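Please open the structure in your viewer and keep the selection tool at hand. The tour goes from one selection to the next.

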Amino acid sequence: MSTKNDRQDSADEPDAAPPQPSRRRFLQSAAAAAAAVGAAPHLRAQTQTPAAPPPAEVHAPVPARPVTLTVNGRAYTLQLEPRVTLLDALREYAGLMGTKKGCDRGQCGACTVIADGRRINSCLTLAVMHEGEAITTVEGLASNGALSSLQQAFIEHDAFQCGYCTPGQLCSATALLNEFRNGTASTVTADVRRRPAQLSDDEIRERMSGNICRCGAYANIVAAVRAVHEGGGQNSASGSSAISNGSSNNRVNA
Ligand code: FES
Ligand code: FES
């Protein structure tokens, strides 16, 4: 539609070239075109139905099979699916409830047990991977009703409050003392080419750093471990021979 100004321009110049669109008209047309382009995806989205998600892949369950674990010197033959963790096998299938489940993801150390001399987080490893290994849990630290040196020291040094982390702390500290005797260095050992000279408090804290205590009994835990080390305390646990003959590696997660 022509405006009054357009018509006036045409009347004043009858022989001029065909009239060009005015600047105002050009801007109006451009704005209308831009609005149409912008609205197009929304219109399309409103008219399209969302694509259905692909059907979930369904795997057939893997049947349980017999798995024999040697725990605290006793053989347990359990019917386990391959996905069962060592922690769940101990607690839910073997009925050994001493090993605790804290985070179930390798962050707290409450589930620490000793497998062939190495301390491991039992929540991070599958039970089927430990057939044939000598596994020691907190139930295996005492022997014939007598507490191990560390268990006794934990009591004497008041190294626990609620006690939830204590089974893991005890297993970890038991393996720690054997690792140190075997000459295993830690990240705070000054010269890792030599056997660490002494089990300082820094060494104990570093080597126990994978075991969290929400009650904050750390100072007393360090004191208990130090006391056993300085007293030359050996574990009187039934699993101690398996522990002391085991690997000198620090904690592993599988
Ligand atoms: S339950 Fe916390 S590390 Fe295993
Ligand atoms: S004694 Fe309570 S969490 Fe360690």
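Which helix lies across strand E1 and E2? Select residues 86–93: this is helix H3, which lies across strand E1 (65–71) and E2 and runs at about 100° to E2. Helices (H or I, at least four residues) and strands (E, at least two) are DSSP runs, numbered from the N terminus. Contact between two residues means that their C-beta atoms, placed from the backbone, lie within 7 Å. Axes are lines fitted to C-alpha atoms, for helices over the stretch in contact, and angles run from 0 to 180 degrees between N-to-C directions.

This is a predicted model, in which local features need pLDDT of at least 70, side-chain atom pairs count only at pLDDT 80 or more, and totals for chains, interfaces and linings use all residues. Residues are numbered from 1 along each chain as its sequence is written, while chains are lettered from A and ligands numbered from 1 in the order in which they are written.

**The whole chain**

Now select the protein chain. It has eight helices and five strands, in the pattern α-α-β-β-α-β-β-β-α-α-α-α-α along the sequence. Of its 254 residues, 33% are buried (20 or more other C-beta atoms within 10 Å of a residue's own, with C-beta atoms placed from the backbone).

**The sheet**

Select the five strands next. They form an open sheet in the order E2-E1-E5-E3-E4, with mixed pairing; two strands pair if DSSP finds at least two bridges between them. Strand E2 (74–80) and strand E4 (118–121) are at the edges with a single partner strand each, so one side of each has no neighbour in the sheet. On average, neighbouring strands of this sheet are turned by 40° against each other, direction ignored.

Zoom in on strand E3 (residues 112–115), which pairs with E4 in the antiparallel sense over four bridges. Thr 112 stands opposite Asn 121 in E4.

**Two crossing helices**

Finally, select helix H4 (residues 149–156) and helix H7 (residues 218–230). Their axes come within 9 Å and cross at roughly 135°. To see the contact, show Ser 149, Leu 150, Ala 153 and Phe 154 of H4 with Ala 224, Ala 227 and Val 228 of H7.

Terms used:
Buried ≥ 20, exposed ≤ 12 C-beta atoms within 10 Å, placed from the backbone.
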